[in-house]
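Have the structure open in your viewer and keep the selection tool handy.

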Amino acid sequence: MSRPGTATPALALVLLAVTLAGIGAQGAALEDPDYYGQEIWSREPYYARPEPELETFSPPLPAGPGEEWERRPQEPRPPKRATKPKKAPKREKSAPEPPPPGKHSNKKVMRTKSSEKAANDYHSVRVAHEDVRESCPPLGLETLKITDFQLHASTVKRYGLGAHRGRLNIQAGINENDFYDGAWCAGRNDLQQWIEVDARRLTRFTGVITQGRNSLWLSDWVTSYKVMVSNDSHTWVTVKNGSGDMIFEGNSEKEIPVLNELPVPMVARYIRINPQSWFDNGSICMRMEILGCPLPDPNNYYHRRNEMTTTDDLDFKHHNYKEMRQLMKVVNEMCPNITRIYNIGKSYQGLKLYAVEISDHPGEHEVGEPEFHYIAGAHGNEVLGRELLLLLVQFVCQEYLARNARIVHLVEETRIHVLPSLNPDGYEKAYEGGSELGGWSLGRWTHDGIDINNNFPDLNTLLWEAEDRQNVPRKVPNHYIAIPEWFLSENATVAAETRAVIAWMEKIPFVLGGNLQGGELVVAYPYDLVRSPWKTQEHTPTPDDHVFRWLAYSYASTHRLMTDARRRVCHTEDFQKEEGTVNGASWHTVAGSLNDFSYLHTNCFELSIYVGCDKYPHESQLPEEWENNRESLIVFMEQVHRGIKGLVRDSHGKGIANAIISVEGINHDIRTANDGDYWRLLNPGEYVVTAKAEGFTASTKNCMVGYDMGATRCDFTLSKTNMARIREIMEKFGKQPVSLPARRLKLRGRKRRQRG
């Protein structure tokens with residue numbers, strides 16, 4: 001996408017402050033720790049942290065000229081799990097460094113282990129003899145940056161448990177013992193088994209993260225292992241602890257990741273994990289991630305092919321709750337004329353659910369202008385969506401100031417709402433664990449243990465039961481289905497966050513929305529609940545299936561990877577048969593989803609957008625993920641302008657609220673907003689459209705939808721029915737209209753009495 005022009009000097013200064021805010025001077029004061037109740041955003045750099053300067057010595061490490069290293073007492077440490085880090089002061093950085101993994105992967109500071117003696121370089125393997133005060137990001141087993149061809153193993157139990165399945169957090173299929181199991185498992189249980197990674201270039205390896213096998217039925221994990229490195233995959237050097245081989249403590253159960261840092265960084269091309277012990281009742285099975293910094297090699301083909309950069313000057317980091325609020329404030333100060341910050345409610349723990357509105361008239365609904373929303377973070381540990389939305393609001397602000405014609409048109413013709421963190425309580429838990437150590441579920445649920453994504457009322461069953469009784473639309477409408485009374489009671493198991501979203505969606509006439517999730521790479525469209533109650537997977541389309549398919553494809557087709565037939569599946573599902581899209585119910589059935597609720601209770605067409613295989617990618621991956629999703633995020637917003645739109649008015653020109661818009665052949669209606677304006681998403685074609693309202697005569701006309709972007713204008717003027725006119729006249733004079741049936745009965749009774 002072209003981005004003409006540059007931001008103003010004032011904008012550049014603000015951006016500089018945002019992007020460099022993490023580089024705080026030593027001794028800078030920390031902000032008020034009680035930030036959950038803080039209402040006034042500080043203008044200080046919002047994630048500045050002082051850090052002590054480290055001592056350096058010469059000569060530098062041979063593999064990395066100009067890099068600084070520090071000697072430490074060489075003493076082995078136990079493996080690291082997801083525990084809360086201590087806040088350490090921060091030093092000024094003299095040169096860019098790769099973001100460290102570890103305790104937040106946003107700000108994960110992992111201290112490298114030391115050993116009493118550096119490993120001997122017997123076989124031309126370059127070994128770092130000094131301890132380093134930074135750790136390296138993941139190589140990319142979880143994110144699939146490391147391909148299947150780079151993973152090898154001594155033996156495998158079967159193909160579905162091959163080395164290519166030994167990736168951190170990979171999930172097994174519904175039917176285990178197939179091609180998609182949840183780990184690498186060795187063919188034999190002995191000390192000669194190994195799994196290795198070919199980094200395809202010299203890499204400074206600093207750590208290993210392991211998990212056991214993902215399985216509902218089996219308990220398999222490695223309890224200890226050795227680490228070896230090589231330059232040629234034939235001659236190997238074992239990581240030493242003093243004079244002997246170092247034994248690293250592995251896992252004590254199958255899901256919680258365990259980090260072991262190498263006593264000294266090892267520079268090589270290959271790294272191998274050699275299990276030494278495993279769970280007594282299990283087998284040698286493991287999932288893993290390797291931490292390593294690729295060394296500069298501009299001639300390396302694989303490096304050039306996989307390298308991804310971005311020219312967008314955005315804040316590529318993970319933001320906790322306080323930092324998220326401050327970033328919103330910065331964007332609002334940069335673009336005060338098109339942004340507004342508000343909250344839709346509070347989480348279980350009292351954190352406000354902040355949203356950013358982007359519009360040329362923020363704070364008001366403009367007649368004829370559609371409303372769009374993005375939501376992220378319903379599952380607190382699926383954080384990529386949260387960061388993509390924070391990047392999106394920065395990007396839109398910058399491009400609007402730079403007068404990018406496409407963005408200016410989008411902002412001026414659409415009212416956009418962005419809710420980056422629907423479950424901030426869960427996110428804070430995941431943030432404490434960090435990207436590699438949090439596991440697959442830490443922070444997924446709300447503080448009181450509710451899955452927001454499946455916490456909405458099940459309106460599907462109400463509709464389908466009414467259809468089976470042939471009560472639709474005579475007694476039960478095919479849209480705007482009422483929420484059951486039990487769901488609204490205080491004793492119902494409904495999250496505070498869910499109630500806030502429902503109130504938000506009832507207040508604002510959203511036309512289109514996307515909720516960003518993680519752990520997969522696909523766009524799912526409703527229905528999410530199967531119609532046959534005895535099935536767990538069944539294609540269950542809505543009456544607007546053709547529209548939903550297009551909306552899903554509009555995102556997937558513009559994503560850099562979703563429709564790439566060559567890409568590896570994330571876990572078990574291959575979505576290429578539908579071009580990176582899937583009907584939710586045909587994937588896995590879910591009752592009470594946000595997608596189904598939006599479609600059946602409001603006018604909003606909602607889709608779930610799964611933006612990445614890794615729920616919580618390391619922040620070094622954020623620029624690449626932004627490039628993967630940027631165009632898709634914009635294109636999807638633009639789809640709110642497809643179909644028909646218009647006003648439904650009475651003969652005096654006054655808008656009629658709650659008028660029903662029906663399209664012939666589509667058994668799903670929508671309704672007008674308070675001002676009588678409406679938007680109906682439709683694919684190109686000719687449609688017979690009817691507008692009707694209580695007390696008015698229905699009006700029908702043909703409306704043509706073209707292929708060009710922009711909704712077709714289709715207005716209606718409704719005349720009051722005769723009975724409505726009579727009622728209006730009688731009420732004006734303080735009388736009630738005559739009830740003709742009752743009068744006839746009265747006359748008949750009088751005639752009977754006269755004959756008698």
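Start by selecting Cys-335 and Cys-397: the link between them is right-handed, with 90° about the S-S bond. Their sulfur atoms sit 1.9 Å apart and form a disulfide (a pair of cysteine sulfur atoms within 2.5 Å). Cys-335 lies in the loop between α3 (321-334) and β12 (339-346) and Cys-397 in helix α4 (residues 384-401), so this pair ties together parts that are 62 residues apart in sequence. Helices here are DSSP runs of H or I with at least four residues, strands are runs of E with at least two, and both are numbered from the N terminus. Cys-335 and Cys-397 are both buried, which is to say under 20% relative accessible area, where exposed is over 50% and partly exposed is in between, using a 1.4 Å probe and protein chains only.

Before moving on, a word on what you are looking at. This is a predicted model, in which local features need pLDDT of at least 70 and side-chain atom pairs count only at pLDDT 80 or more, while totals for chains, interfaces and linings use all residues. Residues are numbered from 1 along each chain as its sequence is written, and side-chain values use heavy atoms, with hydrogens and water left out.

Next, select Cys-570 and Cys-613, which a disulfide joins at an S to S distance of 1.9 Å. Is this one left-handed or right-handed? The torsion about its S-S bond is about -60°, so the disulfide is left-handed. Cys-570 is buried, at 3% relative accessible area, and Cys-613 also counts as buried, at 10%.

Now go to Cys-703 and Cys-714, another disulfide, with sulfur atoms 1.8 Å apart. Cys-703 belongs to strand β25 (residues 699-705) and Cys-714 to the loop between β26 (712-713) and β27 (716-718), so the pair ties together parts 11 residues apart in sequence. Both Cys-703 and Cys-714 are buried. A search of the whole structure finds 5 disulfides.

For the last stop, show helix α5 (residues 405-413) and helix α13 (residues 622-638), which pack at an angle of about 40° with their axes 11 Å apart. Axes are lines fitted to C-alpha atoms, for helices over the stretch in contact, and angles run from 0 to 180 degrees between N-to-C directions. Colour Arg-406, Ile-407 and Leu-410 in α5: they meet Glu-631, Ile-634, Val-635, Met-637 and Glu-638 in α13, where contact means heavy atoms within 4.5 Å.
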